[in-house]
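Here is a short briefing to read with the model open beside you. Have a look at the structure, then follow the points below.

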Amino acid sequence: MQTTEINGFLIDDFNQYKLEEGKKQGICPLCSHDRKPKNQKAKCASYDWERGLGTCHNCNTSFQLHTYQRKGASEKEYVRPNALHVADPEQLGSKVYEWFKTRGISQKTLDDLYVTEGSEYMPQTGKAENTIQFNYIMGDQLINIKYRDGRKNFKLYKGAEKVFYNINSIVGYDTCVITEGEMDVLALHEAGIKNAISVPNGATLNSNNLDYLDNCIDYFEDKEKIILAVDSDEAGQALQSELVRRLGAEVCYLASFDDCKDANEYLITYGKEKLQERITGARPVPLENVTTFKDIEDEVTDFVRNGFKKGYQVGLQNFDDIFSTYTGQFITVTGIPSSGKSDFVDQMVVGYNRNYGWKTAFASPENQPTYLHAHKLMRKTWEGMPTAADIHGDKWNQVADHCNTNYFHIDMERYTLESVLRKGAELVKRKGIKCLVIDPYNKVRDVDCKTEDVNRYTMEYLTKIEIFAKKYDVLVFIVAHPTKMYKTQDGKIEEPTMYNIKGGGEWYDASYHGILVHRDYEAKTVKAKVLKVKFQNLGENGAEAHFKWEPKSGCFIPHEPIAINDEPMPWE
């Protein structure tokens, strides 16, 4: 009967409560010992040994039959808190117990979730404070600790890995609940919802770093329903949107807390049963391809108040003055060979990363070997040329680690559009990418498209790109070469347009934006020209930005052409 693995998780302690092994019914390890003597042996619980779960019909809660080892090793080394640092959860002081009691949390819940207390230096006050300690345990290992002092200052254990709080609790369940704070997990546990976890660092309005999701992604592979029970404020809703994007709208459900900010406040105000109802009544994420006014009322309200939303910019002042973009769109970048198209796209994604923390995946058959492309990105991030003397120095390690966690190179023997988009979707889920680069388009073929008509092929190709961009809220770059190059009367190569790409009319019509990258060899400058911008608030059609290319860093430096004697410059 005894198994060693459930849903890919290795069992650490089989049958942790020493129940009647193999039986489908028996006592409940959570409540039977508290019942009247004549009822203590009543078979009030059902056991599902295949899933490793028990359900009690008396106390209306579920429990895990086993404990499990960690699934998925971390990709980097972290500092680990000393397990001896964790005090006995049953030794909490009376004042701490009383405070939690005012928050609706019992001693049993504190014991179950390893909440402790102890002295800890808090940088916010500059001295050691008595703190409540939320211990982050994954498998049988102490991974991190969050400290909270009496002034509501917080800190995590310095250098420790970020994971979800109470992550062990969701193993075996096909459903889990994600909250915004440890107190919400305690509240749900108090209400009988054991399979609840919390993000370690709350939510912020402008940028939510979900590296903890990267470290725990294997725990969600078997989940059929993920209930997002985050705060109702603007920052909480931003976190909710990013979790939906990463985990998939098809499995996400949304819980709300009516007039309360979060689960703990709702527990205090309305009690355990009503809190349970809020979770069980979670509604699915709005239907794909169907939008009601209620779904977008917040966006409509914001538009009425503030007008068009500002587009995202790359951090090059002259280019930002003429072009910006939204996510969920794609940009076509064209130019003659050796004009710097790929290099300028690299500059853009490095800028988005610097400004907004966006991660990027590259499907770049022409940017081979991969280490040379990685070196280009390293130089742009470094803003200089690293030398042999820099290897494994502090700055080298910092930049290398940054590139390792923010840029991902899709390497395939045979690139197809289907395989690239499939890998892109996986990287959204596992790494949180926000940009995908296809460079060049003609080497990432749509092998599923059977038409011989180039215009129809192009439109199907770009439609698949658009669907991917919208579904995963990703910005996609497509680098596309012109089919032919023409020379002007003075012998210079004519600037191509989107119509010079094979299937040109479809490129112009379907693309959200088009950018030309063109090199002037005589002036030793490069210009980026807006060939198309879909919305007027995002840019200016026909506008140009000029750059000098800095060879050591590989960066594009804004450059203003200077007219001599009012004579037109070569590109005017």
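Asp214 is buried, with a relative accessible area of 16% (buried means under 20% relative accessible area, exposed over 50%, partly exposed in between, using a 1.4 Å probe and protein chains only). This is a predicted model, in which local features need pLDDT of at least 70 and side-chain atom pairs count only at pLDDT 80 or more, while totals for chains, interfaces and linings use all residues. Residues are numbered from 1 along each chain as its sequence is written, and side-chain values use heavy atoms, with hydrogens and water left out.

- You will find Asp214 in helix 4 (residues 211–216); helices (H or I, at least four residues) and strands (E, at least two) are DSSP runs, numbered from the N terminus.
- The side chains of Asp214 and Lys359 are joined by a polar contact of 3.2 Å (a pair of N or O atoms within 3.5 Å; within protein, one must be able to donate a hydrogen and the other to accept it, and residues adjacent in sequence count only if both atoms are side-chain atoms).
- Leaving aside residues up to four places away in sequence, Asp214 touches Arg246, Lys359, Arg430, Lys431 and Gly432, where contact means heavy atoms within 4.5 Å.

**Salt bridges**

- The count comes to 27 salt bridges, each being a side-chain nitrogen of Lys or Arg within 4 Å of a carboxyl oxygen of Asp or Glu.
- One of them pairs Lys71 with Glu221, with the closest N and O atoms 3.7 Å apart. This pair links distant parts of the chain, 150 residues apart: Lys71 is in the loop between strand 7 (67–68) and helix 1 (94–102), and Glu221 is in the loop between helix 4 and strand 14 (225–229).
- Lys71 is buried at 17% relative accessible area, whereas Glu221 is partly exposed at 46%.
- Glu221 also meets Arg430 in a salt bridge (3.6 Å, N to O). Here Arg430 sits in helix 13 (residues 417–431), 209 residues from Glu221.
- Salt bridges that share partners join Lys71, Asp218, Glu221 and Arg430 into one network.
- Within helix 2 (residues 107–112), Asp112 and Lys108 lie 4 residues apart, about one turn of the helix, and their side chains form a salt bridge (2.9 Å, N to O).

- Four strands form an open sheet in the order 3-4-5-6, with antiparallel pairing (two strands pair if DSSP finds at least two bridges between them).
- Its edge strands are strand 3 (25–26) and strand 6 (62–64), each pairing on one side only.
- Strand 3 is joined to strand 4 (residues 45–48) by 2 bridges, and Gly26 stands opposite Ala45 in strand 4.
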